[in-house]
Amino acid sequence: MDELLKISNLSVEYRSGGKVAKAVNNLNLTIKKGQAMGLVGESGAGKTTTALSVMGLLPENIGMITEGDITYNGESLIQMKEKQKNNIRGKKISMVFANPLSSLNPVFTIGHQITMVLRKHKNLSEKDAKKEAAEILKLVGIPDYRMGDYPHQFSGGMRQRVGIAAALACSPELLIADEPTTALDVTIQAQILELMKDLQKNLNSSLLMITHNLGIIAELCQTVAVMYGGEVVEYGSVQEVFEHPSHWYTIGLLNAVPKLAGERQRLISIPGNVANAQMLPEGCKFHPRCSRCIEKCKAKRPDMICLNEKHYVQCWEAGGRNGEQ
Amino acid sequence: MENNKKNALLRTENLKEYFKISGKGYLHAVDNISLEIMPNETLGLVGESGCGKSTVGNTLMRLLKPTNGKIFYKGEDITNPSKKKKLELTKKMQMVFQDPYSSLNPRKTIRSILSEPFLINKAASGIELEEKVNALAKRVGLEEYVLGQFPHELDGGKRQMVGIARALAMNPEFIVCDEPVSALDVSVQATIINLLIDMQKEMKLSYLFISHDLSVVRHISDRVAVMYLGQIVEIAKTDTIFSNTLHPYSVALLSAVPKIQFGQEEERIVLTGDVPSPMNPKPGCRFAPRCWMACEECKNKDQHLAEVEDGHYVACMRWREVREKTAGQAWKKGIEVEHE
């Protein structure tokens with residue numbers, strides 16, 4: 001498979017009022033054509049920052065890429081001129097945001113907002129664009145008579161579908177979905193997930209799914225990257241990582257979630273708080289909360305080691321571990 | 001059943017809460033709910049947003065005046081208590097809110113927030129008050145330095161601990177937990193759930209645990225009630241409701257949860273459309289328009305909760321067919337197998 005998106009050694013900082021927050025630190029990720037990758041982690045892990053860096057949407061003069069590169073089909077997105085980027089954004093790479101109410105423009109009808117995308121990227125006439133917008137809305141389950149409605153007239157689930165329709169309008173090669181179902185009920189979430197599954201199958205597009213819900217990843221993605229403190233600490237095929245988690249943070253996450261099946265055991269929480277990006281610890285970022293922390297962890301950042309060709313982990317204590325949890 | 005009614009800590013009888021919307025009629029937020037909460041029991045209440053879960057909690061706490069129906073506390077009618085009685089009741093009945101950001105006064109220190117229950121009830125003052133607040137903080141696992149801080153200095157988990165401590169101050173018997181962990185990160189969520197379970201054991205508390213997260217509800221509850229558009233559609237012991245689900249809506253809810261399981265492709269029941277509006281509902285089963293099992297009769301005939309098995313109540317006349325149809329479903333098998 002070809003590499004579609006390659007993030008190499010990416011570091012992103014937010015600077016404001018003399019404070020520096022290191023949101024992403026030396027991150028490496030590769031997404032292949034037709035592949036669905038999940039990005040998990042708690043709030044503040046740097047998931048959204050990673051997505052915004054790819055889209056080139058980091059807040060100006062505050063968020064900056066200090067190191068590394070992002071290439072798309074072999075071309076560097078970081079060096080690209082804004083005008084050139086505008087041709088890729090929305091057409092080749094598009095994004096679905098967590099909160100559909102704030103990502104849609106409240107003063108335009110949804111029909112207009114989707115038509116706009118089509119006219120810009122596909123150079124369609126007003127009439128053709130409208131026709132195609134109606135098609136796309138139908139695909140996500142919104143009847144065409146609602147095209148003249150404004151975002152506030154839709155329910156949360158419907159609004160998120162509009163967001164997805166706008167993102168899919170130009171059949172992008174890569175779809176970035178940032179917590180697309182967090183604000184929704186499980187039944188509506190199921191609708192959206194089925195929709196994304198179908199679309200991925202039919203359009204053969206790649207997907208970067210950002211979520212804190214491990215179940216969604218298991219259902220939708222083939223590979224998963226677990227983030228902590230702005231780093232990917234473990235990645236590999238979904239089944240490998242979830243069945244044999246090797247980083248103590250991944251193990252902690254899996255233990256902390258109540259299950260729908262099996263015996264109800266006391267939950268094991270991860271002590272302490274999520275790493276503060278303004279004062280990240282030396283060495284392994286997770287060491288202050290880790291039960292298996294040794295001296296080496298405090299001093300030196302572990303390298304990404306390969307457990308097998310489907311499973312990589314960044315932990316000093318993971319290598320010699322034989323399936324114990 | 002009769003016995004349950006007598007021993008229940010809290011009981012509602014045909015509780016109704018309608019909101020008048022001018023020009024449009026009545027919004028049936030809670031429609032005819034009868035339930036019991038036993039001493040030292042956790043009753044989970046699940047359903048989609050807008051189904052009336054929180055309104056049930058607010059009405060039980062008397063934050064809303066019920067339109068119709070009755071609420072009993074230890075057999076005593078508390079539907080319309082006097083002011084004095086209400087104050088007395090708040091010592092015994094408390095609430096933990098969803099949003100730990102908006103439920104704490106931003107201008108007060110944690111110490112003064114936690115002192116308030118003692119001051120209002122004239123339970124302590126001076127050095128005694130200070131000691132009691134310290135003990136309270138210690139009980140829920142808050143460090144003492146936190147007492148001098150303001151809510152905005154704490155993270156979500158700590159803030160929710162403050163909310164729980166405040167609810168526990170007067171040694172209550174019953175607590176409504178309204179989505180207490182929904183706003184929290186996974187690792188913090190586990191801490192708060194464990195705290196709630198520990199406090200229940202220590203203080204013999206009863207909880208009404210409102211949540212939309214089925215796995216959290218399963219983890220903490222003894223019994224679970226599933227709500228849809230203001231009505232309870234199924235209520236049973238936790239293990240029963242998750243392994244022998246009989247209402248088509250509960251089945252759909254369970255099937256909708258994304259699960260970590262490999263090798264067994266499951267056939268998901270995807271409900272179409274959104275929750276309909278609870279304004280002036282028409283007669284007939286409220287779930288019928290979205291139901292994957294509905295027939296003509298369902299659309300015209302009101303469905304009432306009926307005890308179909310021991311302690312298992314369902315409001316669907318076709319529950320036998322539901323059981324047959326879902327018997328071979330992968331998710332159901334998965335749950336049953338792991339139970340053994």
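The C-alpha centres of domain 1 and domain 2 of chain B lie 29 Å apart in this predicted model. Domain 1 of chain B covers 2-221, and domain 2 of chain B covers 246-258 + 267-339; these bounds come from an automatic or database domain assignment. Residues are numbered from 1 along each chain as its sequence is written, and chains are lettered from A in the order in which they are written. In this predicted model, local features need pLDDT of at least 70 and side-chain atom pairs count only at pLDDT 80 or more, while totals for chains, interfaces and linings use all residues.

**Between the domains of chain B**

- Domain 1 of chain B gives 12 residues to the contact and domain 2 of chain B gives 8 residues, where contact means that C-beta atoms, placed from the backbone, lie within 7 Å.
- On the side of domain 1 of chain B that touches domain 2 of chain B, β2 (25-37) and α8 of chain B are the elements that give two or more residues; helices (H or I, at least four residues) and strands (E, at least two) are DSSP runs, numbered from the N terminus.
- The largest share of that side, 5 residues, comes from β2(B).
- That side has 6 nonpolar, 4 polar and 2 charged residues; Ala, Val, Leu, Ile, Met, Phe, Trp, Tyr, Cys and Pro count as nonpolar, Asp, Glu, Lys and Arg as charged, and the others, Gly among them, as polar.

**Between chain B and chain A**

- Chain B brings 32 residues to this contact, and chain A brings 40 residues.
- On the side of chain B that touches chain A, α7 (186-203), α8 (214-220), α10 (248-256) and α13 (330-339) of chain B each supply at least two residues.
- With 7 residues, α7(B) gives the most to that side.
- The side of chain B that touches chain A consists of 15 nonpolar, 9 polar and 8 charged residues.

Note on methods
Two residues are in contact if their C-beta atoms, placed from the backbone, lie within 7 Å.
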